[in-house]
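Here are my notes on the model you sent over. Have it open while you go through the points.

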Amino acid sequence: MPLESVNVPPPNHVAVLGGQGWVGLVDHMGSEVTIVNAARVSFGKRREAMGEHDTELLRYLIAHRHTSPLEHVVFTFLIHCPLFVRSQWHRHRSWSFNEISRRYTSVDIDFYVPPLFRAQAEDNRQASIRSDNLDQKTCREQVTAHHRLSLELYNRLLAMGVCREQARGVLPQNMFTTFWGTVDLHNLIGFIQLRDTPHAQWEIREYARAIKKLIRPVIPHVAEILGWDTAKTAPAP
Ligand SMILES: Cc1cc2nc3c(=O)[nH]c(=O)nc-3n(C[C@H](O)[C@H](O)[C@H](O)COP(=O)(O)OP(=O)(O)OC[C@H]3O[C@@H](n4cnc5c(N)ncnc54)[C@H](O)[C@@H]3O)c2cc1C
């Protein structure tokens, strides 16, 4: 079998960031039956399919933070995102990660251009706001030009014989990276609670929302109990 690029989204994926990024569900283990069976092992019982009262059991587990049964359901995602989103994501230590290495490869380099530039919020030093005072066209042109010049410098350094691991230092944070991320459902819910809120940066919020869409078919009752509205995309600030 030939090797394929990881910079191609898997079949089950959701596009984000105006179609520039994506997150795909590449594998998962377990279902809602796994959760209720893990909880019921206390009584020495199990069953093959969701029973009549099992949705109530799920609700009880979540309401009372009896969350360890949720850890028996595991998801693996392939994520294509800008470096700064990757940095935020990798703060979540309960995930396992493996990422493309720019020490190994210098191909498939692309950059994120925000669909909408936002202004700095004045009342919250980590937040941004929509602003009519920004010249979107000029911002886009200058950012795109910077990406092009950075890539030209990167390629010049390689041509001069500089190694990939040092040349990559000139590539901006808007560069896309691709990584595998595996996490259990309990910690994934924690990630979503932290990253699908107005406090999180819009870009990572897009990914958190996309993940909700991807996993909802696997955990429909859990999604409903948590009140997930997966129809919408992340609201712009
Ligand atoms: C809106 C927002 C802004 C942020 N801003 C910043 C920032 O400015 N600077 C910055 O550095 N970070 C920032 N963070 C990252 C934040 O501090 C957390 O590192 C990140 O959200 C991961 O959360 P977590 O530890 O719950 O997740 P995980 O690392 O996935 O851990 C899951 C849970 O496991 C337990 N756990 C994991 N590791 C340990 C441990 N070593 N000791 C005890 N319990 C552990 C905890 O219960 C934890 O909640 C920000 C996060 C958000 C959502």
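1. Which residues surround the ligand? They are Arg91, His92, Arg93, Ser94, Asn187, Gly190, Leu194, Arg195, His199 and Ala200. By class, that shell holds two nonpolar, five polar and three charged residues (nonpolar means Ala, Val, Leu, Ile, Met, Phe, Trp, Tyr, Cys and Pro; charged means Asp, Glu, Lys and Arg; the others, Gly among them, are polar).

2. Some ground rules. This is a predicted model, where local features need pLDDT of at least 70 and side-chain atom pairs count only at pLDDT 80 or more, while totals for chains, interfaces and linings use all residues. Residues are numbered from 1 along each chain as its sequence is written.

3. On the overall picture, the protein has eight helices and seven strands (DSSP runs numbered from the N terminus, with helices being H or I of at least four residues and strands E of at least two). Its C-alpha atoms fill a box of roughly 65 × 50 × 25 Å along the principal axes. Of the 237 residues, 23% are buried (20 or more other C-beta atoms within 10 Å of a residue's own; 12 or fewer is exposed, in between is partly exposed, and C-beta atoms are placed from the backbone). Take the contacts between residues at least 6 apart in sequence: 71% of them join residues at least 24 apart (a contact means C-beta atoms, placed from the backbone, within 7 Å).

4. Now the core. The largest nonpolar core has 36 residues, and Val16, Val23, Phe77, Tyr207 and Ile211 have the most contacts inside it (such a core is a set of buried Ala, Val, Leu, Ile, Met, Phe, Trp, Tyr and Cys residues joined through C-beta atoms within 7 Å). Elements that each supply at least two of its residues include strand S2 (21–29), strand S3 (74–82) and helix H6 (185–195). H7 gives the largest share, six residues. Leaving out residues up to four places away in sequence, Ile211 touches Val23, Phe77 and Ile192.

5. Phe191 is worth a click. It sits in helix H6 and is buried, with 20 other C-beta atoms within 10 Å. Which residues does Phe191 contact, leaving aside neighbours within four places in sequence? His92, Val183 and Ala208. Phe191 and Trp89 are 102 residues apart in sequence, yet 8.6 Å apart in space, C-alpha to C-alpha.

6. Next, a helix pair. H1 and H2 pack at about 70°, with their axes 10 Å apart (axes are lines fitted to C-alpha atoms, for helices over the stretch in contact, and angles run from 0 to 180 degrees between N-to-C directions). So H1 is roughly perpendicular to H2 (the class for 65 to 115 degrees; under 35 is roughly parallel, over 145 roughly antiparallel, the rest oblique). Glu32, Ile35, Val36 and Ala39 of H1 meet Asp54, Leu57, Leu58 and Leu61 of H2. The residues of this contact are six nonpolar, no polar and two charged.

7. Most residues other than glycine have a negative phi. Leu17, not a glycine, has a positive phi of about 55°, and its place is the loop between S1 and S2. Arg65, also not a glycine, has a positive phi of about 55° and belongs to the loop between H2 and S3. Buried or exposed? Leu17 is buried, with 22 other C-beta atoms within 10 Å, whereas Arg65 counts as exposed with 8 C-beta neighbours inside 10 Å.

Terms used: Two residues are in contact if their C-beta atoms, placed from the backbone, lie within 7 Å. A residue is near a molecule or strand if its C-beta atom, placed from the backbone, lies within 6 Å of it.
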